[in-house]
Amino acid sequence: MTPLLQARGLTKHYGARLGCGNVSFDLYPGEVMGIVGESGSGKSTLLSCLAGHLSPDAGEVIFDTRDHGPQDVLRMSEPARRMLGRTDWAFVHQNARDGLRMGVSAGANVGERLMAVGARHYGDIREQATDWLGRVEIAADRIDDRPRAFSGGMQQRLQIARNLVTGPRLVFMDEPTGGLDVSVQARLLDLLRGLVREMGLSAIVVTHDLAVVRLLADRLMVMKGGAVVEAGLTDQVLDDPQHGYTQLLVSSVLQV
Amino acid sequence: MTLHDPNYNFAYLDEQTKRMIRRALLKALAIPGYQVPFASREMPMPYGWGTGGVQVTAACLTPEDTLKVIDQGADDTTNAVSIRKFFQRTAGVAVTEQTAQASVIQTRHRIPETPLIEGQILVYQVPIPEPLRFLEPRETETRRMHALEEYGLMHVKLYEDIAHNGEISTAYAYPVKVEGRYVMDPSPIPKFDNPKLESAAIQLFGAGREQRIYALPPYCRVTSLDFEDHPFEASKADHDCDLCGCATSYLDEVIVDDAGGRMFVCSDTDFCTGRREGGHRGRLSPEDMA
């Protein structure tokens, strides 16, 4: 089977400082990979490099495109990369405000991606938007409200609907549950898990919350100081951590 | 032709500036709908009064030209009168109020009702040239969106209109796509005028404060954006002109008393005058008029 996404030797420096160094991995279709580590360990830098928001100093990101097979995303033309960003890829930001258009209604937020790929029938766009709001448990009568009128959890769910409406194959998530209270977090995770399974999505989830990766991720990479210190199946890494830092990370989780 | 004030260069601007603007105009005509940056000059009037249009007009004028200036369709409003006097003094060109007589027409917010013909130049004053401005505030990003033809966002605005008002409620500055490529803001003309953008005349757009020039060459294809199930409609007030009886021209609503009285009149004063002289009458025409 061809991996959906392959990273090869990704390196990004910020001046003299290392953002992330020599990261390589394969992600197969339908697989969810978690990236954990403390603040400043380079996990968000890595995600930005993968998603094409930052250009790394060295390395390749090879994505298995629908039309042309595996291609190096970093060497693609900009229109092709941005097209990928609107169709096959999705990016869920930690702060919903970064990923939403706050000035337009929820329906327009969901419909934007559809219109960006050429949908020009208002009735169809609205129908799909209503359908997706239902799937992320937002009441249909909120479709014309602006996201400012939504709670934090609803904004995050709206952001997810907006990203998944074009049926992407790969989702990047940067701390999807950050800043939400625990009961809302639990529902969001439940929803995400359902959607990932139902749509057969591949996902890369960056988080510092081990509970999130335990629930969502099949595989896990642990980062520290810009480098991957340990990688493996989620249960394996969390239940039998080998590297000193992973052991520290696992043992620092508060037990209630 | 009268002589212009000898203290000024012909049409106020110096020759080098006019050359610079003409180069921008030629580029704009070669790439219809594309916003060409130009080094806009300080003009002896405030920004927002048509500094862009005045510079474009100055660069186009020749001593043989006949100039018409309109503001919201009218030849006799402050803005139109001031700009007309400005060019009478600095360029000494002939002026007219009749659309058919003019070779250069500077306009604000309207296209004349009388169809324009080959050889005429229509110059628009543009406040905000960027159609995506209120949807995407970053100029770097909007330029990239133009370059990559990413115009989905424009439809988001139209979607919002329908979602909140049941129809596309954008009534002026209605976005158009030019020759299937660039999305362009036609300046704040009513959407009633959008079909007239496909014209035999050269149409030039000047934005002074924003330092942009764009253009539509004659007979260029201009499509108003819409949805398949909510097609574009060139709407106007559902009345006849109360002075000339015209049912097809764009109307201004005028409040005439404090008891709810109102009248509708053609916004194009030259067109209305022409019809009245031709014997057409409206609801409020004086009885004794022959």
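Helices here are DSSP runs of H or I with at least four residues, strands are E runs of at least two, and both are numbered from the N terminus. What follows is a tour of a predicted model, in which local features need pLDDT of at least 70, side-chain atom pairs count only at pLDDT 80 or more, and totals for chains, interfaces and linings use all residues. Residues are numbered from 1 along each chain as its sequence is written, chains are lettered from A and ligands numbered from 1 in the order in which they are written, and side-chain values use heavy atoms, with hydrogens and water left out.

Let's start ahead of the helices of chain B. B:Tyr12 sits in the segment before α1 (15–30) of chain B, and its phi is positive, about 70°, even though it is not a glycine. Most residues other than glycine have a negative phi.

How do the residues picked out here compare for exposure? Buried means under 20% relative accessible area, exposed over 50%, and partly exposed in between, using a 1.4 Å probe and protein chains only.

| Residue | Relative accessible area | Class |
|---|---|---|
| B:Ser224 | 13% | buried |
| B:Phe86 | 15% | buried |
| B:Tyr12 | 25% | partly exposed |
| A:Glu137 | 46% | partly exposed |

Leaving aside residues up to four places away in sequence, B:Phe86 touches B:Tyr12, B:Met43, B:Pro44 and B:Val54, where contact means heavy atoms within 4.5 Å. B:Phe86 and B:Val54 are 32 residues apart in sequence, yet their C-alpha atoms are 9.4 Å apart in space.

Further along chain B, B:Ser224 is part of strand β10 (residues 222–224). Its side chain makes a polar contact with the side chain of B:Asn194 at 3.1 Å. Such a contact is a pair of N or O atoms within 3.5 Å; within protein, one must be able to donate a hydrogen and the other to accept it, and residues adjacent in sequence count only if both atoms are side-chain atoms. Again not counting residues up to four places away, B:Ser224 touches B:Tyr174, B:Pro175, B:Val176, B:Asn194 and B:Phe232.

Over in chain A, strands β1 (residues 5–14) and β2 (residues 17–27) pair in the antiparallel sense over seven bridges; pairing needs at least two bridges found by DSSP. A:Gln6 stands opposite A:Asp26 in β2(A). Two residues lie between the strands of this hairpin, where A:Gly15 takes a positive phi near 60°.

Now for the interface. 21 residues of chain B are in contact with 22 residues of chain A. The two chains bury about 1,900 Å² between them, 58% of it on carbon and sulfur atoms; this is the accessible area (1.4 Å probe) lost on putting them together, summed over both. There are five salt bridges between the chains, each a side-chain nitrogen of Lys or Arg within 4 Å of a carboxyl oxygen of Asp or Glu. One of them joins A:Arg82 and B:Glu141 (3.1 Å, N to O). On the chain B side, α4 (139–147) and α5 (152–165) are the elements that give two or more residues. The largest share, nine residues, comes from α5(B).
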